[in-house]
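Keep the structure open while reading.

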Amino acid sequence: MEMSGEERKREGEGEGRDIFDVIEEMDRRMRRIMERAFSSMIMDVDEQLYDIERRELKPLTQISETDDEVIVTLDIPCANKESIELKATEDTLFIRARMDRCVTFSNVEFENYSKSVRLPARVEPRYARASFRNGILQVRLPKKFEGSEISIE
Amino acid sequence: MKVVEYDSIKMESPYIFIGLPDVGLVGSIAVSYMIDSIKMAEIGHVESDLLPPLLLVRNGEVKNPIRLYSNGSNMIALISEMPIHPSILQEFVTSIAEWFKRVNPRLVVSITGVPVQNRLNIDKPKVFYIATDEHASSLMRSTHALVFEEGILFGAYAAILKACMSRDIPTLTLFTQSHLNFPDPFASIEALEVLNKALNIGIDLNELREEAEMIRIRARELMKQTESMLAEPRLKATPTFYG
């Protein structure tokens, strides 16, 4: 368990306090731990799934790697295939797509998907391939080979 | 943790269906569709100080995240609209299994997914099952579901299976090939088809097929919340599951 400097100092003063203070302190600390555990459990969602200002949905994304490829899979149900724009640099994939209908969440209407995905390895964007099926877009980007040959003596 | 019943439940050995957030939300989507489709009524919820202070508001009505439904005769459904965090899983499973024991079900039917890498290229996901009694096995033999031969179970459904087994509650767990962290209503459809055949419950799946894309969009948030719990090693699938 991590402890701030302030907490550590108060810990040292422990002997001077009565038992109720100690219990209260423990209770407070326990609550903080629980809050932290649960906030990571239910809260870290919104920013990644919506851009309310731009009325864009951020698609659910899965990134995997093989020895020679980075594979990015994006869940974009209701996306219109013709509208999909894909761009890639050596380390980022950018996607934008229009939906075939308007979707409302908390009184905000969304019509587009957009996301930039940071890639886990450097790739050759020119040789990337993409497929779109059942509302799922899969992009395969070959990794850039940046090493030098090692000969065996 | 305890199950709060709105009226005390008197049912002759019901079937209990469980849909918890897990792989591809296969169970959540299947069981909540079942509830809507055969118009089951809310009969209770799970309450505990261990649960985060979370309530849902639907059409102006306040709802608990873990709820129980019934069709009034022989079916009970348990759904959760929040992932069950590993730190409270044991407590949760023990209290619902104790409740099951009291209700004395004919069968507890758990619905979940088994992630397959090539899900994108599978048009008709296969359904595998684990049955812990002869009645459930014979039900499954009348369907196209396949025996889950070998593998490791991990997570909420494994805990439920374990808790039921130790209390002699008969269980059937369905595992449908699915996406790991994308909501997969088409996998839910396959699981419900198997149950339609086995139990003659006549759930009309057309609406689920038509609404699948919208369901995928609506389920994004729950999928995202569930994702972090799926990151742990959970179910090591043997090659049987592929293709």
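The side chains of A:Thr92 and A:Asp91 are joined by a polar contact of 3.0 Å. The model is a predicted one. A:Thr92 belongs to strand E6 of chain A. Leaving aside residues up to four places away in sequence, A:Thr92 touches A:Lys87, A:Ser116, A:Val117, A:Arg118 and A:Leu119.

**The five-stranded sheet**

E6(A) is part of an open sheet of five strands. The order is E1-E2-E7-E6-E5 (chain A), with mixed pairing. Strand E1 (50-51) and strand E5 (85-88) of chain A are the edge strands. Each has a single partner strand, so one side of each is left without a neighbour in the sheet.

E6(A) pairs with strand E7 (residues 108-118) of chain A. The pairing is antiparallel and runs over 10 bridges. A:Phe94 stands opposite A:Ser116 of E7(A). A:Ser116 is also among the residues that A:Thr92 touches.

| Strand pair | Bridges | Facing residues |
|---|---|---|
| E6(A) and E7(A) | 10 bridges | A:Phe94 and A:Ser116 |
| E3(A) and E4(A) | six bridges | A:Thr61 and A:Leu74 |
| E8(A) and E9(A) | five bridges | A:Ser131 and A:Gln138 |

Two of these pairs are described as hairpins. E3(A) connects to E4(A) through three residues. E8(A), residues 129-133, and E9(A) have two residues between them. A:Asn134 sits in that turn, with a positive phi of about 45°.

**Where the chains meet**

About 2700 Å² is buried between chain A and chain B. Carbon and sulfur atoms give 61% of that area.

Polar links cross the interface too. There are 10 residue pairs in polar contact across the interface of chain A and chain B, both residues being at pLDDT 80 or more.

Helix H6 (residues 206-218) of chain B lies across strand E2 (56-57), E6 and E7 of chain A. Helix H6 of chain B runs at about 115° to E6(A).

**Salt bridges**

Over all chains, the whole structure holds 26 salt bridges. Three salt bridges are found across the interface of chain A and chain B. Which residue forms a salt bridge with B:Glu213? The partner is A:Arg101, with the closest N and O atoms 3.6 Å apart.

The side chains of B:Arg216 and A:Asp75 also meet in a salt bridge, at 2.8 Å from N to O. Why does this pair join two chains? B:Arg216 lies in helix H6 of chain B, while A:Asp75 lies in strand E4 of chain A, so the link runs from one chain to the other.

Methods. Residues numbered from 1 in each chain as written. Chains lettered and ligands numbered in written order. Predicted model: local features only at pLDDT ≥ 70, side-chain atom pairs only at ≥ 80, totals over all residues. Heavy atoms only, no water. Buried area = accessible area lost by both parts, 1.4 Å probe. Salt bridge = Lys/Arg side-chain N within 4 Å of Asp/Glu carboxyl O. Polar contact = N/O pair within 3.5 Å; in protein donor to acceptor, adjacent residues only side chain to side chain. Pairing = 2+ DSSP bridges. Helix = DSSP H or I, 4+ residues; strand = E, 2+ residues; numbered from the N terminus. Contact = heavy atoms within 4.5 Å. Axes fitted to C-alpha atoms, helices over the stretch in contact; angles between N-to-C directions.
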